[in-house]
Amino acid sequence: MTKKVVAAMSGGVDSSVAAARLVDQGYDVVGVHLALAKVKGHAGGKGCCTLDDARDARRVADRLGIAFYIWDVSEEFQQEVIENFISEYAQGRTPNPCVRCNEKIKFQAVLERSLALGFDAVATGHYAQIFETPNGPTLHRAIDNKKDQSYVLSVLNQEQLSHTILPLGNSVKPDIRKEAEERGLITAAKPDSHDICFIPDGDTAGFLHNKLGQEPGKIVDVETGEELGKHDGVFEFTIGQRKGLHLEKPRPDRSPRYVVGTDTKSKTVMVGLASMLRVDVVTATNLIWCGPTPDSQFDCTAQVRAHSNALKAKAFHKDGNLTVEFLEPLNGLAPGQTITLYDNTRVIGSGTVVTTSRS
Amino acid sequence: MTYLDHAATTPMLAEAIAALSAELAQVGNPSSLHASGRRARKVVEESREKIAAAIGARPIEVIFTGGGTESNNLAVKGLYWAARKKDINKKRILVSAVEHHAVLDPVMWLGEHEEATVEILPVDNYGRVLPETLRKAFEKNPHDVALVSVMWANNEVGTIQPIAELVKIAHEYKTVFHSDAVQAVGCLEVHFQNTGLDALTFTGHKVGGPQGVGALIAKRDLELTPLLHGGGQERDVRSGTLDAPAIAGFAAAITTAVSQRVARANRLSLLRKDLIQKVQENVPDAVLNGDPENRLPGNVHFSFKGCEGDALLMLLDAQGIECSTGSACSAGIPQPSHVLIAMGKDETTARSSLRFSFGSTSTHDDVDSVIQVLPAIVERAKRAGKTMVKK
């Protein structure tokens, strides 16, 4: 029987081509635009979930001759992504809302709803690949290294992966644009979205101030305890940050200082030298295996940002707790970030960083 | 394909297509003075006379517009501004809670931008404005009301308002009364002069005419401030070149629809009865909304417990059955229906609703097609409803 697929269509070029490819492959495709925020009136033009984007997605669906609906997931998005984002920052952690959205919205709320409605799978325009193996589906990096989005999908378990289709993983971005143009899709020349979609102006600090108010505190030298400045809220600061500190006193040797830690209780931001950012032992919870559960101890590479390099490491896990020991130290890793483990191009799984230290 | 969304728009009648097509092939601006213009003008004026006859009005009382939304805007804003021009204290607008957005939104706009005091008239569980509700609203201050606007019959749940009684009360307080009769004309007996209304909205595409043309029937002496300024084609109240082909189609449609009204209404109410009964038999926890008796003959509106209307609509669509959630679509995101909320339903119930509306092409086969798939679809939508994260 023909597989019925929900193609999540953001109104961008990637999800447009993804939907088109599914149609070509003979799936029974329904286009769904996820309304992540209740926006009224005009569109900002940037990021997701604007009216223009919904209209573009609809025009692509027209072109493909598929049914198209808008699903309102704004309440789920507000609760699971935006509120979580704010509360994580309030607790001094640095969350990745795109990872969270994939975990809770696209591949949970939307996938479950789709399956319940009689669909077999959800497809997105993410750049990553899913391979079927005798041990179930596995998630791999896209062939386009620059666009690879396996990191933000590393929260999908095998059950979710078995109902997920990623039609773009074997392509490079320039080809996707070309293909969109050849197919006559209205989204062919749309710029990529970069910022957090619910903070279209990119001013995360302003957004957090708006939600959390002013929480003034001190900026101190982590070695001497000397007060070097003031701030309006620890949530403005992320470990590894150098800019925007406005320190009153430079170090005698003029070497730059970075945020090396924050304490939400005393509202203190600690700064120190670059060397103090270097960590090589990371613990994490919220473990999700994207394939078969690995041995309790294994070699891997580990990646801590969407587009950073994966570094060689040893991983240990027990009772849902993960410890990763990097062979070489890395810089500026904050609690709350997602750490993703790879075996070559295959995603082993991921966790949420709890602590970092130097061995 | 099972088309059960006639309240959204209904197929054009053959008479309308013929009249519209014939006129499309002609040249002539009805305002031009030469022979071609005179010919077009004759078509427009004959259409005006037909429409007036069909609706129980005088030809001079017919103001052509671009459709229901424009007619409602012209009535609400035009009457408000005209009333205030005469008496600056007339600031209050009385409007039912179940109006279409084409009435509610201009009223709210006047509240936000033109100092109007908006008073929403509550409705009972069937969606009716009770006459005493209107009287009480007047008694608060009998002298400050600029206009009353209450629809003839509700587009979502089909409930028919006690228009004649409401008009009588408004006139006791010497206040003008407008009614949006878009859903009523062609289905119910609508006679403009007999009801004593001051202004009445209706539109072509709900009676088997083309989209994009409608009329506001306004008493000859009614003062209306124009919205569209320009050539002053329609009594200096509405400007814009008249769309002779659309008007010809509109007139043909309404003439046919009104002449066949009783027979069609009887036929549609049998279909309505059939569908209501079969839905209740096959989906026992479905709840019929609106007045069970005194409702539009082609309207069936149910809430399906535990389901989202959008999911039901999508699943029915996939089976070739076309209906509506009946809810207004704000910014592309379905909102819970303000009509159902006003009738005392909670938000979840309001979101769980579907409207099936019958029209000229509907048959009992359509009812059977729905019933064949509906129980399974409701079960599926219930399962899907449980998956969504709840507050």
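Me: How many residue pairs are in polar contact across the interface of domain 1 of chain A and domain 2 of chain A?
Reply: This is a predicted model in which local features need pLDDT of at least 70, side-chain atom pairs count only at pLDDT 80 or more, and totals for chains, interfaces and linings use all residues. Residues are numbered from 1 along each chain as its sequence is written, chains are lettered from A and ligands numbered from 1 in the order written, and side-chain values use heavy atoms, without hydrogens and water. A polar contact is a pair of N or O atoms within 3.5 Å; within protein, one must be able to donate a hydrogen and the other to accept it, and residues adjacent in sequence count only if both atoms are side-chain atoms. With both residues at pLDDT 80 or more, the number of pairs across this interface is 13.

Me: Which element supplies the largest share of the side of domain 1 of chain A that touches domain 2 of chain A?
Reply: Elements here are DSSP runs numbered from the N terminus: helices (H or I, at least four residues) and strands (E, at least two). Helix H3 (74-90), helix H4 (97-116), strand S6 (136-141) and helix H5 (158-161) of chain A each give at least two residues to that side. The largest share, 5 residues, is from S6(A).

Me: How many salt bridges does the rule find across the interface of domain 1 of chain A and domain 2 of chain A?
Reply: The rule asks for a side-chain nitrogen of Lys or Arg within 4 Å of a carboxyl oxygen of Asp or Glu. Between domain 1 and domain 2 of chain A, the count of such salt bridges is 0.
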